[in-house]
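Subject: Structure for you to look at

Hello,

Here is the structure I promised to pass on. Please open it first, then read my notes beside it.

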Amino acid sequence: MAQEQTVNWAAIDNDPRFQALHKKKSGFLWGLMIFSVVYYFLLPIGAGYFPELFKIKVWGPVNVGILFALSEFIVAWGIAFIYSTRANRTFDAMTAEIAREAYNIK
Amino acid sequence: MRKVLWTSTFIGLSLMLSDAAMAASSGAVADKYKWLTFLVFGAIIGLTMFVTYRAAKQTHSTADFYAAGRSVSGIQNGWAIAGDYLSAASFLGIAGLISLYGYDGFMYSVGWLVAYITVLLLIAEPCRNIGKYTLGDILAFRNNPKASKTIAAVSTVLVSTFYLTAQMVGGGVLVKTLIGIDYTVSVIVVGILMLTYVVFGGMKATTWVQIIKAILLVTASILLVIFTWGKFGFSLPGFLQAAVDNPDIQAQVKKLLGESAANMAPADLGQRFLEPGLYLKSPIDQISLGMALVLGTAGMPHILMRFFTVPTAQDARKSVIWAMGIIGGFYVLTLFMGLGAAMNVTSAKIAALDAGGNMAAPLLAQYVGGGPDSMLGNLFLAFVAAVAFATIVAVVAGLVLASASAMSHDLYVGVFRGDHASPQEQVMAARVSTVIVGALAIYVGIAAQGQNVAHLVALAFAVAASSNLPAVFLTLYWKKTNTWGVVGGMLAGSLTAIYLVMISPNMSYPKAIIANANKVLDGTPEVTEAKPAVAASTGLCTLWAMEGCVAASPAVAVGPAKPGARAKLEAAKTELATLTDEAAKAAKQKEIEGLEKTIAKAEGDLKKWEGQTTSMMGFEKPKFMLKNPGLISIPVGFLVTILLSLFTRDRRSEEMWDELYVRQNTGIHAEGAVAH
């Protein structure tokens, strides 16, 4: 607890390593987030306003609508995979370095 | 001494259940096989009791009680999140929707998984890094602690109560339909079981109950899918083709489409089951629900709370990944369960037991095992019923723990005692609040019997998305957010959501119910003049009931008067007297019974709503046209938070920003695990 006072939060916030983490992470997270939201809402929009498109049969009785709904699952898992890979490989290492140095950044 | 107490609780509950079952007569399980059901129920309850007993021995501090000592692993937490999230509504409800409406039911399930992307990318890790036990802790980090903890506690209790009421009522009805136990008894048994887990074992027991339940649920689903899909060599087109060719599914589509299906070929009818639009008629409403799901899940107090149980932010991440795998995999399985039930059990039989389709998965289990008269079929049914029961208890336990922690940790310790309570006092407060919330849940469950509660789950998500999520999200990511914005935004978001639901089509409108009941009883008069179909007004009319808005109506063809149920009953009775063939007699008798049921229901409605003309809010018709308020209330929540934050000053919120932002990203000084 005594150590807590010695961390200078504003200094870490201004540290180039933290700024680099912030930039990398924000851009990446927002990109994924916006993509996933757009992709998700295409499903109700497609089913509601373009039903004819969803009815087109592509593989026996399997139509565009079913494939698109299934693709939502694949995309969601894909995003989870991409994020966790990037976080495990890049962000965690960057975070660990900042945390190690926390008491020395003034 | 303790062991005696545990054993007697277990025996007491089992006796209560079997006693009620002996008295009960109806239910999906035949009387001859009731003992089987209790064997399976007993085994599962016994297992959870044992886990609770073990957990209770390790639950001493507040960190143990609220956060399982932060010693839950990522994988365990992933299973527990799935167990917490896959409520009976999604387990039985979505399979049921698919069995009755095909494609739309499956589409409905997608949003529940996508919701976890928000949780993963924006919420889980930061919350783990800066939070302690509750939503209030996150908001209080940089906002005024007392104000933000108070509003967070109110919102948590509100959201949990909506969700809890839906679970208790749904659970009571479900257990009654499955095994015929009296509604009140099953609500009390669920309540007592849940209280035992939470009061003694805290978060540790709750976590394990949720894990056990999730494993059972996934196992049951995989088995059902192997049996139903395996017949087709696990070929997707093969399975779907069988659904398209199925005469029962074709009949169901014909029933759903009504007159517009008159000229459709059987193959087209079957294919229609795999196309959108049989259930979800309003795309705008769908989008509104989607918004509430995608943003609301991340604001659900009982889900947020789960992230405080793992040791680090990395484990929080891992747990969401696991949860997404399990939840998503489960929803893909529901497609096969739902269609399998529609093909093998038939939509008509499913809807006869429960209009919402909740019995689809249990009845499919019974079919897979060999049908209603076989031992194996009833064992399978008993297993699925027990899983459904465990589901309700596990979800309710998580909700009660979340609201109890808001009451004890945020309100009592944080606000009333100014954070100066001894550890013993804090644990005591947590247990007392649990008992209070649990008793309330039982009371509400019994009081709300027979009420229309289906909209409460959607309302819970809408309030979480319009109130909790903007507050948490902006506190974590926007420097200018302050106490005024958070408090004002949460109030505005939640009140807007609640108000819109109260003037929406979710409420009961006596005039429409009475008109419908009369139509059922007396039929429709002769049509002498054909009317073309009228399309609904577009634009703002899709949102608000205004002057000049026209509702959609189908084309009306010239035709004779159609008899109502009363006239049909008379005719059927006269016909019965003339029949001599035994089989025809039995069929007629069945038809008469069905008609009598219909008449009883319509007459009941008439009696219940007699003399009333307006809804609870004093309206004859809905004012707000969507069932889901998120489309309006979520932007309101965000806007009010942002505007109030821009126009007010709060020094603490500004000064704490650097610390919050660094800590939410790096996990420096995050609450550590408790060693045992």
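Below are some notes on the contact between the chains, on helix packing and on one residue.

First, the ground rules. This is a predicted model, in which local features need pLDDT of at least 70, side-chain atom pairs count only at pLDDT 80 or more, and totals for chains, interfaces and linings use all residues. Residues are numbered from 1 along each chain as its sequence is written, chains are lettered from A and ligands numbered from 1 in the order in which they are written, and side-chain values use heavy atoms, with hydrogens and water left out.

**Between the chains**

Interface size is often given as the accessible area lost when the parts come together. Chain A and chain B bury about 4,600 Å² between them. Buried area here is the accessible area (1.4 Å probe) that two parts lose on being put together, summed over both. Carbon and sulfur atoms carry 76% of it. On the chain A side, A:Trp9, A:Pro61 and A:Phe73 lose the most area to chain B, together 16% of what that side buries. Each chain puts 51 residues into the contact, where contact means heavy atoms within 4.5 Å.

The two chains share 1 salt bridge. That term means a side-chain nitrogen of Lys or Arg within 4 Å of a carboxyl oxygen of Asp or Glu. The partners are A:Asp92 and B:Arg317, at 2.8 Å, N to O.

**Helices in chain B**

Helices (H or I, at least four residues) and strands (E, at least two) are DSSP runs, numbered from the N terminus. Axes are lines fitted to C-alpha atoms, for helices over the stretch in contact, and angles run from 0 to 180 degrees between N-to-C directions.

Take H9(B) (residues 183–230) and H18(B) (residues 375–416). Their axes come within 6 Å and cross at roughly 140 degrees. The two are therefore oblique to each other. Under 35 degrees counts as roughly parallel, over 145 as roughly antiparallel, 65 to 115 as roughly perpendicular, and the rest as oblique.

Now H18(B) and H19(B) (residues 423–447). These axes come within 8 Å and cross at roughly 130 degrees. That makes H18(B) oblique to H19(B). Among the H18(B) residues in this contact are B:Val400 and B:Met407; H19(B) brings residues including B:Ala429 and B:Val437.

**One residue**

B:Leu576 is found in helix H23 (residues 565–578) of chain B. What does B:Leu576 contact, leaving aside its neighbours within four places in sequence? The list is B:Lys585, B:Lys588, B:Gln589 and B:Ile592. The C-alpha atoms of B:Leu576 and B:Ala587 are separated by 9.5 Å.

Best wishes
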